[in-house]
Amino acid sequence: MAPDSGQRVLSREEVDRALVRLAAEHEAIESSLLTLQDHAGRRLLEGARLTGLTRERWQRAEATVADLWSWFETCTETLTTARELRARRRFPGREELTRLSLLLEGRNLVISGGELLAEHTSWQQLVARMNRGYAEVLDVVAAADAVWSALPARIDLLSAELRRVSELAHSAGVRPGTHPAGDDLERVTGELTALRAEVISDPLAFWLPDPGRATPGGGRPDTARYDRAARTLDDIRREVDAVFGVRKDAEARLLGLRDVLSRADRTLAEARAARVEVLSKIAASEVPAVSGPPVALQQQLATAGDYRRRAQWHRLSPLLDALEVRAEEELERARSSLSAVTAPLAIRAELRGRLDAYRAKAVRLGKDDDPLLAERYDAARRLLWTAPCDLRAAEGAVQRYQEVAADLLSPRSEP
């Protein structure tokens, strides 16, 4: 075996040190390959029906694994040959040292495969190539194992929760086509089924490698689709709980609605009776009309009662929410109507009170017999106690009486 051109010849001590180093590297390579062979992710990849990106990368990785073992055999043969050659003599001659130098440091290792039928390389170059190949394979194996360890179990737990929520939703009448949450349940069920199948067949499609990672397998599973499904299921669960809350409180809420609407009806009836009284006692054309009872609300209340009897809780829930708001609005409208209708009577009462207060003061001061004051008082009293009462005229008469009384009863008017 002729030495390479310019090949350095190692000394006996350098040969011995190189053999120790190569033996350690050989042992480390063997340990790594055996660890890779026993890796759970590799066994799963070998037994899975892969698709997409994972299938493509695993096919390349399998070819690389075969190369790694082939290259390892080349390293084993080279190390064995070097050891046997070194063991022949305690003090090898130059020819032996030259051959050992070629084996340990020269481009004397022959590997096959790839684009070339045979390729000459050195031990160091081959170990570097094996390290790169090992890292590529481990990256695939570790990433697939991480995804399979994380996502399928979480999907299965979420699917179990989905089945529980689906049963509750069905019992509450929340079904596809009848309630938005039912449609969401159907979509989430299909999404989780598809997601699990995709994760099992193409785990690398759900892997987010760390940018600038220094070691193989650095990254994390992509849980975006799972997280969206989990959030949707949480929303559905809250909606179903709300429907059950409606079922629990439906009777009390319906009774409360009937009470509010009944008070609104009584208030409107009171307002209508008051309007008749006002029109008979007050000469005014601006007394507002009073509307009738809220027929539409009564019909919706009857519909709500029907929903409750038929256990259609998903329909009853939004209807009760809307009815409670509208019933309170109706009660407030009835109260406002009663206040508007009875306002003229309140004005008349206020004018009577003012007239009597000034009259009482005049009597107390002994001025009630003043002719002008008595005349103004009689005029105001006639207007206020005559039906129908002309409020504008009465207000003017009271004002005129107040003016005379104020002038007469002021301190400067006394001698």
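Tutor: A polar contact is a pair of N or O atoms within 3.5 Å; within protein, one must be able to donate a hydrogen and the other to accept it, and residues adjacent in sequence count only if both atoms are side-chain atoms. The model is predicted, so local features need pLDDT of at least 70 and side-chain atom pairs count only at pLDDT 80 or more, while totals for chains, interfaces and linings use all residues. Residues are numbered from 1 along each chain as its sequence is written, and side-chain values use heavy atoms, with hydrogens and water left out.

Student: How many residue pairs are in polar contact between domain 1 and domain 2?

Tutor: Seven residue pairs, both residues at pLDDT 80 or more, are in polar contact between domain 1 and domain 2. On the domain 1 side that touches domain 2, α5 (123–171) supplies the largest share, five residues. By class, that side of domain 1 has 10 nonpolar, five polar and three charged residues.

Student: How do you know where domain 1 and domain 2 lie in the chain?

Tutor: The domain assignment places domain 1 at 12–141 and domain 2 at 144–242; such bounds come from an automatic or database assignment. Their centres, taken over C-alpha atoms, are 43 Å apart.

Student: What makes domain 1 and domain 2 count as in contact?

Tutor: Contact means heavy atoms within 4.5 Å, and 18 residues of domain 1 are in contact with 13 residues of domain 2. Between domain 1 and domain 2 there are zero salt bridges.

Student: Why is the pair Arg-187 and Asp-184 called a salt bridge?

Tutor: The term requires a side-chain nitrogen of Lys or Arg within 4 Å of a carboxyl oxygen of Asp or Glu. The N to O distance for Arg-187 and Asp-184 is 2.0 Å, and the pair is a salt bridge. The structure holds 19 salt bridges.

Student: Why is the pair Trp-69 and Phe-72 called edge-to-face?

Tutor: Rings of Phe, Tyr and Trp (its six-membered ring) pair if their centres lie within 6.5 Å; planes under 30 degrees apart count as stacked, over 60 as edge-to-face and the rest as tilted. The centres of Trp-69 and Phe-72 are 6.0 Å apart with planes at 90 degrees, so the pair is edge-to-face.

Definitions and conventions: Helices (H or I, at least four residues) and strands (E, at least two) are DSSP runs, numbered from the N terminus. Ala, Val, Leu, Ile, Met, Phe, Trp, Tyr, Cys and Pro count as nonpolar, Asp, Glu, Lys and Arg as charged, and the others, Gly among them, as polar.
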